[in-house]
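Student: I am new to this structure. Please pick a single part and take me through it closely.

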Amino acid sequence: MADPDSEIVVFARRTAKDLKLPPGFITVMASAIQSQIADFRSLEGQDMYPGERIVPIKLDLRVNHTLIRDQFLWDLNNFESDPEEFAKTFCADLGIQDPEVGPAIAFSIREQLYEIAVQSVASARENRISKKGRRGAEYTPVSKAGSTGLDLVKLFGHKSSVVRKRKEWDVYEPIVDLLSSEEVDALQAKEERLTR
């Protein structure tokens with residue numbers, strides 16, 4: 001975004017040459033890139049996640065012989081939160097020995113955070129467009145990103161504690177099962193049937 005606009009044309013020219021495209025593509029690529037950068041620049045300075053932004057993250061993974069199901073809350077504004085570190089701690093706390101489980105957990109978290117970020121950008125774009133182009137009643141877009149963000153006051157109340165009630169413990173309790181070879185084969189067969 002900080003590169004000068006002249007670099008865009010150079011990039012488009014090199015890309016067209018590398019892909020052996022006709023020269024007419026250079027201006028099309030350059031204008032598409034400039035348009036996307038202009039959209040991004042218009043959002044500069046805006047908070048992607050104003051205020052506290054807590055989202056639920058759900059894990060439902062099978063890695064080799066390990067089955068993991070869990071859900072937890074993730075603070076999007078806490079930039080100290082690291083999916084890889086979380087996955088490493090998760091595996092250590094639950095005694096998971098398989099070295100492929102940690103990266104799979106981190107990938108699943110990052111995938112969900114990416115989806116939330118994409119939805120937030122789309123929502124911000126909708127808000128910007130609605131403020132510029134719509135008249136009359138205030139338009140409020142409904143998106144998955146808006147529905148996944150949780151307000152802590154709504155979640156826990158003003159006078160309530162952040163400690164969960166006993167009836168909610170099983171909802172947020174991680175489930176880790178070590179499967180036998182037969183169970184893995186049965187799950188794979190079931191997954192194959194479902195994909196057909």
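Tutor: What follows is a close look at one helix, and then at a group of aromatic rings. Keep in mind that the model is predicted.

Start with helix α1, which covers residues 5-18.

Now look at its sides. I8, A12, T15 and A16 of α1 are buried. Viewed down the axis of α1, the buried residues fall within an arc of 95°, so they line one face of the helix. Turn to the other side of α1. There R14, K17 and D18 are exposed. After α1 comes K20. The phi of K20 is positive, near 55°.

Next, the rings. Searching the whole structure gives four aromatic pairs. One of them joins W74 and F86. Their ring centres are 5.8 Å apart, with 75° between the planes. Planes over 60 degrees apart count as edge-to-face, and the pair of W74 and F86 is edge-to-face.

Where do these two residues sit? W74 belongs to strand β2 (residues 66-75), while F86 belongs to helix α3 (residues 83-94). The pair therefore ties together parts that are twelve residues apart in sequence. W74 is buried, at 7% relative accessibility. F86 is partly exposed, with a relative accessible area of 26%. Finally, ring pairs link W74 and F86 with F72 and F90 into a cluster.

How values were computed. Residues numbered from 1 in each chain as written. Predicted model: local features only at pLDDT ≥ 70, side-chain atom pairs only at ≥ 80, totals over all residues. Heavy atoms only, no water. Phe/Tyr/Trp six-rings, centres within 6.5 Å; stacked < 30°, edge-to-face > 60°. Helix = DSSP H or I, 4+ residues; strand = E, 2+ residues; numbered from the N terminus. Buried < 20%, exposed > 50% of the residue type's maximum accessible area, 1.4 Å probe, protein only. Expected span 1.5 Å × (residues − 1). Arc of directions from axis to C-beta.
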